[in-house]
Amino acid sequence: MKITDIDSHLLQLFRKGTVIPATPLALTKLRTVDEKYQKALVRYHIDCGVGGIAIGVHSTQFEIREHGLFEGLLSLVSEEIDKWSEFRGKKILKIAGVCGKTEQALKEATFASSTGYHAALVSLSALKENSLDELILHCRQVAEIMPIIGFYMQTSVGGINLPYEFWKEFAAIPNVLGIKIAPFDRYKTFDVVRAICDVEKEKEITLYTGNDDNIVADLLSEYKIETSTGTKNIRIKGGLLGHWCVWTKKAVELLDEIHSITESGKDIPQSLLTRAIQITDSNAAFFDSKNKFAGCIPGLHEVLFRQGLMTNTLCLNPEEVLSDGQKEEISRVYNAYPHLNDDDFVRSNLSMWLK
């Protein structure tokens, strides 16, 4: 599958920039997939107005592979996206997380492509001992199967350092759709942006923020990169975020607001910069930043549990739980920033999503 095989509307939407939640895994008390609530999450995200949905990624828990859940989960979510998006008269870009060493990654990409996914978000966490040339070869082989999205994942949750030189080579790979920049580091973020411009791929490769600690600033900033062929202007257009799998309706409204400002050339209102800080503070609670992100996935589950979109906060790993004091931190940001949640929207639609 090539980028040109993607529906033109979806391709245009991705390149304009859209909200793509990194979907969590809904589990029963027996730690099996809770199909009813997994489908409800898909319906919730589509009704919020997202342009894409990612599954099998970090927020879904990489352990789905060890538990034999990868193929069944991707099939379930793909089918539900198709059913609900058709019901709503929408089109949704489907992104599958692809992990592991090359043999596993190729197998996962092949399955994802056969199940109707449009692109693979490629994690390189399993290749920490490999050279840069080997990493590029790995990505090139996955890209021969389906369009790929690069993933610069923060090291505190399993990512590896990927220097400017890697991203220059990565950008030259045919069939690269975009890059999710998520090192939670401004210097490393700039490395990616500069590399794309230096190889003149700024119009072909769309940048998405995965920096959940810096969402609004990433989306508001225009980069002007001096290259050997002149100045390149480029923006991070959308978000492929774990943070955006919760309070998603407000995330869609936020991105629409940001696009309106950046397209009009109007001054950025001070109130939006204040809200940016509030969103980062909320993310600190959800992602458990004070404990090196140990509770980042249970934190997202806690928010969805409070809204009724999950029945518990369980993870596949019984030891992956909310950190001490994290629940109280989530309550603090809930109370401090009521304008950031979409509880009313969820409350008025939940029974429909759970049918």
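Axes are lines fitted to C-alpha atoms, for helices over the stretch in contact, and angles run from 0 to 180 degrees between N-to-C directions. Helices (H or I, at least four residues) and strands (E, at least two) are DSSP runs numbered from the N terminus.

The model is predicted: local features need pLDDT of at least 70, side-chain atom pairs count only at pLDDT 80 or more, and totals for chains, interfaces and linings use all residues. Residues are numbered from 1 along each chain as its sequence is written, and side-chain values use heavy atoms, with hydrogens and water left out.

**Stop 1: α4 and α5**

Select residues 102-114 (helix α4) and 132-143 (helix α5). Their axes come within 9 Å and cross at roughly 20°. The two helices are therefore roughly parallel to each other. Now show the side chains. T102, A105, L106 and A109 of α4 meet H138, Q141 and V142 of α5 (contact means heavy atoms within 4.5 Å). The residues of this contact divide into four nonpolar, three polar and no charged. Ala, Val, Leu, Ile, Met, Phe, Trp, Tyr, Cys and Pro count as nonpolar, Asp, Glu, Lys and Arg as charged, and the others, Gly among them, as polar.

**Stop 2: α6 and α7**

Move to helix α6 (residues 164-171) and helix α7 (residues 186-198). Here the axes come within 8 Å and cross at roughly 40°. That makes α6 oblique to α7. This crossing is right-handed. Y164, W167, K168 and A171 in α6 meet α7 residues including D191, R194 and I196. By class, the contact has six nonpolar, no polar and four charged residues.

**Stop 3**

Go to E200, in the loop between α7 and β7 (206-209). Its phi is near 60°, a positive value in a residue other than glycine. Most residues other than glycine have a negative phi. E200 is partly exposed, at 39% relative accessibility (buried is under 20% relative accessible area, exposed over 50%, partly exposed in between; 1.4 Å probe, protein chains only). Next, pick R31, in the loop between β1 (19-21) and α2 (35-48). R31 has a positive phi of about 60°.

**Stop 4: Q307**

Finish at Q307 in helix α11 (residues 296-307). Is Q307 buried or exposed? Q307 is buried, at 9% relative accessible area. Beyond four places in sequence, its contacts include Y44, W247 and L350.

Definitions and conventions. Parallel < 35°, antiparallel > 145°, perpendicular 65-115°, else oblique. Left-handed = near helix turned anticlockwise from the far one by under 90°.
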